[in-house]
Amino acid sequence: MAGILVSEQLVLVSNGGLGLSPLEAHIFWEEIGWGSAGFAVSIGVDCFPAFFASMAPDDEDKVIDEVIKPFVEKTDNSFIGCWAITEPNHGSDQLTVGMPWFKDPQITGQLSARQDGDVWVLNGQKSSWVSNGPQATHALLFLNIEKSMGLAGGGVAVAPLDLPGVSKGKCLDKMGQRELPQGEIYFDNVRLPKHFMLSQPDTYETMLDATLAIANATMGAMFTGVARAAFEEALAYSKVRVQGGKLLCEHQLVQKKLFDMFQKVETARAVSRAVMNYNFTNFPPVTRYSILSKVYCTNAAFEVANEAVQLFGGYGVSKEYHIEKLLRDARAALIEDGSNEVLALTAARALIEENE
C-alpha cells in the first residue's frame, strides 16, 4: 500500500477505527447494501468527515480531538456525518474535474467562504439531496473560495452543524431509499474556525478527485449487494410460484433470465472488488475505475431488480413483496453520487486525454 490513503488508515486505526482491508471493506458494504441501500449510503456518508479529517497534517491535534476521536469513540449516535456537496444549481457538474466548464469563472458554487482572521465566514446553501443532512451533526463541506477559478476554486472543510447561523430544511419525501434522510442545509454568516478547513483551491481538485474515487468505489460495492438481493428474491419466488401447471423456475425462459441476473451480480462483484482493492491502496486513485464500478454496478442492480419485478408479475409492484422496494432503491442509484451519464462522460474524457 502507498500514499495518503494508507496514512488515513493509520490515523483512523490509531484512534480506534476498524482498519479494514479493501476486501473486508467490500464485504461489509455489499452486505449492508444487500440489507438496505438507503441505510448503506447513510453509513457511508456518516464516515466522510472523520475519514477526510484524517488527511489533515499530523500536528493538527484539534482536528483529531474534535472530529476523529469523537467519531470513533461515540456509540450513542451523537456524532453523525454527511457529505454536503450538492447545491440547488449544481449536482453532477461539481464532480467533473477535467471538463471544460469546471474552470469557467461564470460557473461557481453557491456556498462561499472567505477568510476573516482565524475563521472562515460561510454563506450559501446546500440542496435537499444532502444525505444525512437533516440529522447530521458534522458535514464534510465542499465550498467555493476563489470564484475566478470557477468550480475548481473550491475548498473542503469539516463543519460542525451546531455553529450559529446553520439551519436545516425538512426531510425530503422520496420514491426510493426512504430510510436515507436527505435535506437542505443553510449557512448564514457562519464563522468556522480555520483548523476545520482541510483543503483550499491549490489542492481542491486532488481532494475532490479522491473523494469521488472513494465514494464511487463504495457505491459499486453497495449496489452489488442490492443486485444480489434482487436476484435472490427472484430465485426464491420462482421456486414457489406456479404458472402453466409448473413452477416458474421450471420454464426454460425463466431459467435463462435467472442466469442472466446471476451473471450480472457476479460480474458486478468482480469489477467492484478489483476497483476497491486498487483504489483503496494507491494514491492518487484512478478515478475512472471507480466510475466504472459505480456505473456498472448501479446499472446492474437496476436491471436485475427490474427483471425480478417482471418475474413476480403483478405481485412485483405490490408493497407486500420486498422486490418493489429494491427496484425503487436501485433507480435512485443511477443519479446519486453523480448521474451515470455525466460520470461516464468524465471517465471517457480522461481515457481520451491519457492516450493522446
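1. Asn77 is exposed, with a relative accessible area of 59%; exposed means over 50%, buried under 20%, and partly exposed in between, for a 1.4 Å probe and protein chains only. The model is predicted: local features need pLDDT of at least 70, side-chain atom pairs count only at pLDDT 80 or more, and totals for chains, interfaces and linings use all residues. Residues are numbered from 1 along each chain as its sequence is written, and side-chain values use heavy atoms, with hydrogens and water left out.

2. Asn77 sits in the loop between α5 (61–73) and β1 (81–84). Helices (H or I, at least four residues) and strands (E, at least two) are DSSP runs, numbered from the N terminus. Asn77 is not a glycine, yet its phi is positive, about 65°. Most residues other than glycine have a negative phi, and most peptide bonds are trans.

3. Asn132 also has a positive phi, about 75°, although it is not a glycine. Its place is the loop between β3 (119–126) and β4 (138–144). Is Asn132 buried or exposed? Asn132 is buried, with a relative accessible area of 3%.

4. Val41 belongs to helix α3 (residues 37–46). Val41 counts as buried because its relative accessibility is 6%. From C-alpha to C-alpha, Val41 and Asn132 are 8.9 Å apart in space, and they are 91 residues apart in sequence. Leaving out residues up to four places away in sequence, Val41 touches Ser131, Gln177, Leu180, Met219, Met222 and Glu336, where contact means heavy atoms within 4.5 Å.

5. The peptide bond from Phe283 to Pro284 is cis, with omega near 0°. Pro284 lies in the loop between α7 (252–279) and α8 (287–312).
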